[in-house]
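Me: I'm new to this structure and would like a close look at one part of it. Could you pick a sheet and walk me through how its strands are arranged?

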Amino acid sequence: MTAAKIPIRQDRTLFNSRFEGYKLSFLEESRQHFVAVGTPGPGVVVPKLPASAKLSYRQVQNRIRHNHLHPGWNSFKPVNGDVTNIREPVLFAVDEDYMLIALQFEKATHLLRSKKLIQIPVPILPADIHLEFPTVKPLSPDYILVSDGAFNLYLVRVQISGVECEAVIEALTTFQPEESLQGELLTPCGLLEAKMFPASRNEQELGMEIKFVVHYPYKEGFYSAEPSPHRKSDTKTVFVVSLCSFHWRGTSAKSGATADSSMEVDPPKEPTLLFNTIIHSIRGTEIPFYCSFDPSGDGYVIGSNSTYKPTKEPVVDQTTRYLEPGSEAMELDKTDVGVAPPSEPPYIWTQTDTDLTICFGLPRGTTKHAIQCKFSRQGLELHVNLSQSTESVVRAPRLENTPLFDQIQPDECVWTLEATTGILTLNLEKKHSKTRWTQVFAEGGDTDPVEETLDPSVFAEYRSALEKYTSEQPNAAPGRDSSLLPSVAQDGQEDIDEEGEEIKFSWVQAEDGTDIIRATTIGTGHDWIGQAFPSFESYPVENQAFRMPTVCLKHDVDGLVYSIQHKPGATPQPLSTVQQGEDIMKFVHTSTFDALAFVQASKREKRFVMHDPNGRFTAIVESSRNVYIYWHTPGAKLKQERQTVVDVSKGKQVDIIGCQLIGDGILVLLMEGKHGALVLELD
């Protein structure tokens, strides 16, 4: 079943045309507090890779992005004025010796307390195996899952009473890839996401179900070695993302519940060894930098520069089946990508701020008299009259006043036909300049929307491919180098800059099979900026223990914040409408950070970009010096907002390796080694 195509729309009422700029301000020294972390000891130290390490650019990039400061099950916003749901917040870090450290902020004294909780067993691996970084994910108010960066995941029960925090390891599970994906060498996995859910009705006797998502490189799997113009190196490491689960019958394992402050943590004992089940695995050329479970437990959303395919997808027979040209699927058995049938896709297109260009491939020698084209303010009518023998080989475009994505200026639109090449080009003038079209036609007007070709050089290349495709040889089928549709999420090359990354989101169903990717976003111009700081408010009306973090995407110069929604139990239909597809995954534009895309693009040393879950500010954190806070007044469209700048280094050489909220408007920045952490009381 084909994945539903989900548009990411903008709400123009949330744009601020009055905005002029940010006014610089500084944070008083009295609202900045340093605290040592992990003392006595070296603090949190990031292991350095040896010069001989052979990691791909994507793996190195993922290590740089890693946030070494991890949130607990923290909540900052009262529900209906009730503050009893707000727990004492806690953050976690793992130091060089694999000691789990808790950080707590005491509001009365404005002090950040650091406490060593428990020792995580140190993984022992050969020197040539490079571990992923340890990661902590909150499962519920009482439990966290700690990955050692190798293969082991520890279920830790946490007890918070006031500013006191205790912890004990209750269970251990070890991840092992599916047999078909196991390489010759050991491959550590990284933990992307984890949550605790009530077990299904037929498994209630097993207790709570803990689902987690890990990633690891599958170095035996590569793209086809066939030359490609889209990347410098054709040999690519495939990254496998696996959804796993195990059950736990702990007495306090109640998802989304409030912890009992009178409960005492049991004395340490040998953790229970639990076996986990791999529900499914998917593959792609990227490590996702967004991954979140839906509170229903139906599935999860991943965001990346690439799309993903199930590893159980049947092997493509080059003579009988095909993959979409430029898709991110790669055959693990080295099978080349098959030849696309000559009727896919029907056109290619690209856009600027003011116009669209659409190209159709017609047989050479087609005359202008065969073309009937009419532009209207909101629609397009196109008929091409081909001979019966020709139309059996080439599908003639036929549009019956098909509604467009947005309005155009029909008097400024033109079409041209190059008879020698058979290229029919339509130039549409936008009525609303600077509006990015996510697709050519409106919802329902195109059951299989075509993605925009972003790069002008690539567009020219595929336009050239159309010429080959419409050659005099009616039975000649284009090869990979003459594919019609490039993937906008395809990896351009290994050494690309992460700036302005086009992101695609996919809904992955929490079940096994070949049709688990149920929805994928379409359209262009959705460059990644960042996501919200995790916050776990409960939503009793929706019966949700948490919500997926909002995301911030680039739109022109602004940063648009979107919530991601899912209707529990939604399943795709063979010919799903956009509305039916959005039951699976829907993006709702909730607020706008004025000119954020513009200002963040100038911060070349930035390491983290995250925004307040209540939409009041975005933090841009450099790797070694400054943190920039860009404020937003919800519900107001001001000409000027505040910009707060804090020099974290204070004249020292520091490396900022973590950033999280520990309270409403209270930001903690973790620095490597003995530099400790800096608390910023922004409110």
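Reply: Let's start with an open sheet built from 4 strands, which follow the order 20-21-26-25 with antiparallel pairing. Keep in mind that this is a predicted model. Who sits at the edges? That's strand 20 (348-351) and strand 25 (414-418), and each has a single partner strand, so one side of each is left without a neighbour in the sheet. Going from one strand to the next, the twist averages 15°.

Now look at strand 21 (residues 355-361) and strand 26 (residues 423-429): they run antiparallel, and 7 bridges join them. As a bit of background, strands of a sheet pair through backbone hydrogen bonds, either parallel or antiparallel.

For another antiparallel pair, go to strand 6 (residues 99-106) and strand 7 (residues 111-119), which are paired over 8 bridges. Here Ile101 stands opposite Lys116 in strand 7. The hairpin of strand 6 and strand 7 has 4 residues between the strands, and in this hairpin His110 takes a positive phi near 60°.

In helix 1 (residues 57-65), the buried residues are Arg58, Gln59, Gln61, Asn62 and Arg63. What do they pack against? The buried residues of helix 1 pack against strand 13 (208-218) and strand 14 (238-248).

Methods: Residues are numbered from 1 along each chain as its sequence is written. This is a predicted model: local features need pLDDT of at least 70, side-chain atom pairs count only at pLDDT 80 or more; totals for chains, interfaces and linings use all residues. Side-chain values use heavy atoms; hydrogens and water are left out. Two strands pair if DSSP finds at least two bridges between them. Helices (H or I, at least four residues) and strands (E, at least two) are DSSP runs, numbered from the N terminus. Buried means under 20% relative accessible area, exposed over 50%, partly exposed in between (1.4 Å probe, protein chains only). Contact means heavy atoms within 4.5 Å. Axes are lines fitted to C-alpha atoms, for helices over the stretch in contact, and angles run from 0 to 180 degrees between N-to-C directions.
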